[in-house]
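Please look over the sequence and the structure first.

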Amino acid sequence: MMLYRQPGIFIFFLFFLLTGPLVRAQDSSFANLPTKWTLQQCFDYAGKNNIQLNSLRLSRLSTEQDLLLSKAAKLPNLTGTASQNLNGGKSINAATGNSSYEVYTSGNYGVNSNVTLFQGGYLNYDIRQKNLLTQVAQLNIAQQINDITVLITQAYLNILLARENIVYVKDVVATSEAQVKQGQQQYDVGSIALIGLVQLQAQLSNDRYLLITAENQHRQNKLVLKQLLQLPSGYDFDITEPDTLISNRHLYALQEAQDSALANRPEIKSSQLGIDVANLDLAKAKTGYLPTLSAGGGLGTSYNGGGNNNAYFKQLDNNFYQQIGLTLSVPIFTRRVVKTNVEKAKLEVDQSKLTLQDTKTNLSQTIEQAYINVQNAQSQYDAAVEQLRYSQEGYRIASEQLKVGAANIVVFLQQKNLYIQALQSYVQAKYNAALTIRIYDFYRGIPVTL
C-alpha cells in the first residue's frame, strides 16, 4: 500500500524489476574478460575473435573443401536410377472384338558408373592448384594477423601516451592552483597588481583545459583499441604499463631488414604462389587441345505389365542387361574457345608476375619509410630530452623567482608555456620512438613486445 501512495518509489521499483536482470546479464557477459590487458593478451584475443580473421579462416576451410573435391574427381562415380509407372488404356479382344480398359504397371531400374582415365593431366593440375590456393588462404590469415598486430600496438602505445600526458598535466594544474593561491595572497597584501593575478588565473584555466583535452584523448584512444579488439560497447577496461619503454635497441641496416622481409613476409609468399597458381591455370587451359578418355559401365533391367510375381521376376531376368565401354572425345574445332582460354591464362601469368613485383616494391618502400621513421624518431627523442631538461630548469628558476616576487609574471608564464610544450613534445617523442623501432623490427620478423 505504501508503494502505491508514492508513485515515484513504485516506478523506480518497477524499473528495477524489469531492467535488473538485463543489467546483470550484460555484466555476466564480461566475466571472462580481463579488467587489465597486456599487449600480448590483446594480440591473443584479436587472433581468436577478430571478425576479419575468422572470415579468412572460413575462406581457408572453403579452399580445403575445394581441394577434397578436386581429389575426388579422379574417382569413379556411381548413379542409381529407378522409375515406376502406372499405365492404362483400352485393349481389343481379337476373338470377340470387344474392348476393355486395362491398367498395368511398368518399371526401369539401373546403376551407372563413369571414370575419367585421361584428360591431358587436367585433374592433376587442378589438384596441385587447389593445394596452392589453400596455402594462399593460410598466408592471407598470416598477413591479416600482421596488419592487426601493428594497429593494436599503435593503439596500445597511444593509450599509454595519453595516460602519461594526463599525469604530467595534472601536476601542472596542481602547480598552477598553488601559484594562483599564492598570487591571491600577494594581491591581498598589495605585492602584485590585479593584472598579474588575472594572468595566473587565466593560465590555470588553460592548464585545466589541457587536462580535459588529455583525458578526452585518453578515452578516444581506449575506444580505438576496443574497436580493434571488437569488445562489447558497455565493457570498460584498462591496460598494463610496461616496466621499460625505451631500450637501446640496435637499428639494423636497411638492406638486412628488407632482405629478411622479402624472404619471410606472408604477402610475398602469397604473391609468389600466385604465379604458380596462374601457371597451373595455363597448364589446365592447354589440356583443352588434348583428347579425353573415359570409361563407363552400367547395369539395368525393366518390366512391363505382368499379372503375377512369376511374370514380374521373369521379365526382370529377361530384360537384365550389362554395359561397359570406353569413350574417346577429341577436340577438332572449338570455335577458338581453347585458344582464348590459353591466351587469357598467359596474361594472368604475366599479371601475377607484376603483382609480385609490385608487392616487393611496396614492401621495400614501406620498410625504408619505417627505417627513416626510426631515425627521425630517435633524433626527435634525443632533442626532446634536452629541450625538456633546459625548459624544466628555466621553469623552476622562474617559479622560485615568482615566489619571492622577483619575477615578471609575463616572463614566468612564457617559461611555463615553454615547459608545457617541451613536456608534451617529450612524451610524444618517447612513444613515437618506442613505436617506430618495434614496427621496424616487426618487419624483420621480431615479435612485438613491451
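## Confidence in the model

The model is predicted. The protein chain has a mean pLDDT of 88, and 90% of its residues reach 70 or more. Among the elements of the chain, α8 has the highest mean pLDDT, 97, while helix α1 (residues 2-5) has the lowest, 41. The pLDDT is below 50 over residues 1-19, a stretch with seven contacts in the model beyond near neighbours in sequence.

Residues 21-26 also stay under 50 in pLDDT. For residues 21-26 the model has two contacts beyond four places in sequence.

## Strand pairing

Strand β2 (residues 79-92) and strand β3 (residues 99-118) run antiparallel and are joined by 14 bridges. In this pairing Leu86 stands opposite Thr105 of β3.

Strand β3 also pairs with β5: the two run antiparallel, with 12 bridges between them. Here Gly107 is found opposite Tyr303 in β5. In a regular strand, side chains alternate between the two faces of the sheet.

Tyr289 has a relative accessible area of 46%, so it counts as partly exposed. The patch takes residues with over 30% relative accessible area, and Tyr289 is above that cut-off because its value is 46%.

## Salt bridges

The structure holds 13 salt bridges. One of them joins the side chains of Arg60 and Glu64, at 3.9 Å from N to O. Both residues belong to helix α4 (residues 51-72) and are four residues apart, about one turn of the helix. Arg60 is partly exposed because its relative accessibility is 21%, and Glu64, at 32%, is partly exposed as well.

Glu164 and Lys430 form another side-chain salt bridge, at 2.6 Å from N to O. This pair links distant parts of the chain: Glu164 lies in helix α5 (residues 122-188) and Lys430 in helix α11 (residues 409-443), 266 residues apart. Glu164 counts as buried because its relative accessibility is 11%; Lys430 is buried too, with a relative accessible area of 12%. A further salt bridge connects the side chains of Arg444 and Asp441 at 3.1 Å, N to O. Arg444 is buried, with a relative accessible area of 16%, and Asp441 is buried at 6%.

Is Gln203 buried or exposed? Gln203 has a relative accessible area of 7%, so it is buried. Its place is in helix α6 (residues 194-229). Leaving out residues up to four places away in sequence, Gln203 touches Leu413, Lys416, Asn417 and Ile420.

Gln401 lies in helix α10 (residues 337-403). With a relative accessible area of 35%, Gln401 is partly exposed. How far apart are Gln401 and Asn108 in space? From C-alpha to C-alpha, Gln401 and Asn108 are 112 Å apart, and 293 residues separate them in sequence.

Conventions:
Residues numbered from 1 in each chain as written. Predicted model: local features only at pLDDT ≥ 70, side-chain atom pairs only at ≥ 80, totals over all residues. Heavy atoms only, no water. Buried < 20%, exposed > 50% of the residue type's maximum accessible area, 1.4 Å probe, protein only. Pairing = 2+ DSSP bridges. pLDDT = per-residue confidence, 0-100. Contact = heavy atoms within 4.5 Å. Salt bridge = Lys/Arg side-chain N within 4 Å of Asp/Glu carboxyl O.
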